[in-house]
Amino acid sequence: MKVLTIDIDGTYLRYACMDEFMKIDRRGKIFTPQEGREALIEAIARIFEAVGDAEGIAVSMPGIIDSQRGYCAMGGALRYNDDFYFRDALYERCKTKIHVENNAKCAAMAEAAVGSLIGDEDGFVLIFSTMIGGGYIRDHKLYKGKHFAAGEVSYIILNSGAKLDDDNLWGRSFGIPKFLKRYSEAKSMDIEVVDLPTIFDAVEKKESEAVACLQWYTKEIAAQIFNLQTVLDVEKFSIGGDMAKYPAFMNSLRLNLKELYAQCPFQLPQAELVTSKFYSDANLIGALQCWLMENI
């Protein structure tokens, strides 16, 4: 068996061919089409045709997704997908078994089924990418909520007194692009030449601007994890995406969260912070898990 797994975010479309045991036959990535939904469907169709022998397509994508109907109610980082029967449109080009799910929920499925949350009754997955994805595992199952929007942490309001725009939403203000921008501005560098290895190499060398940038970033993230834990009371937060690959990020996050609990005048239950098993592959693996649950 071979399934084409697709992971779409606001910047890249990643793909991999996997069997039911998650063995990857081939993989690649392209830039996510920005022109509109037709270009996105066409890009996936071309990949499917090039693969040639896939028995289905498993899609991980941003937004509020009704996976039963293959419907994108709101496109998240790709607003051209708002109010779009994505699965039906893709099926018109690719006559195969298709499953569509929100990308962070896919990541949560991967971590709960075969990753860092195996055996945990309740957990929460945070994926740091173009925005911030969230997936809630409750009673060993992916919890989607009445409107398929449970775990959509990107839309947390940061300042009730400010205008409700992109700068006042957690996912826009603390996705990786804003982390890179913060450092580039501190160093007066062109944003085009700044990436995560650049910043974490500087952190390793104890460069003051890089250390300050990381401290600012992880302090703000720790505050939201503190808030989420007071509501959800989960066993673990699994931290994923490329950011989690850097020990300096996880160490700083843990220290800032520990400091918040130390400052709190009330003794509150705490969750363990763990690193995602699959990092940026979690969405692909989770999409496969969702496809298998529906088709096997």
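Helices here are DSSP runs of at least four residues (H or I), and strands are runs of at least two (E), numbered from the N terminus. By that count the protein has nine helices and twelve strands. Keep in mind that this is a predicted model.

**Whole chain.** Start with everything selected. The C-alpha atoms fill a box of roughly 55 × 45 × 40 Å along the principal axes. The radius of gyration is 19 Å, which agrees with the value near 19 Å for a compact globule of 296 residues. Buried residues make up 54% of the 296.

**Strand E1.** Next, select residues 3–8, which form strand E1, and pick out Thr5 within it. Is Thr5 buried or exposed? Thr5 is buried, because its relative accessible area is 0%, and the cut-off for buried is under 20%. Show its neighbours too: Thr5 touches residues including Arg14, Tyr15, Met18, Ala58 and Leu288.

**Helix H6.** Now select residues 196–204, helix H6, and display the side chains of its buried residues: Leu196, Ile199, Phe200, Ala202 and Val203. Look down the axis of H6: these buried residues fall within an arc of 155 degrees, so they line one face of the helix.

**Last stop.** Just after H6, click on Lys206, which takes a positive phi of about 60 degrees.

Notes:
Residues numbered from 1 in each chain as written. Predicted model: local features only at pLDDT ≥ 70, side-chain atom pairs only at ≥ 80, totals over all residues. Heavy atoms only, no water. Buried < 20%, exposed > 50% of the residue type's maximum accessible area, 1.4 Å probe, protein only. Arc of directions from axis to C-beta. Contact = heavy atoms within 4.5 Å. Rg over C-alpha atoms; globule rule 2.2 N^0.38 Å. Lists of a residue's contacts leave out its neighbours within four places in sequence.
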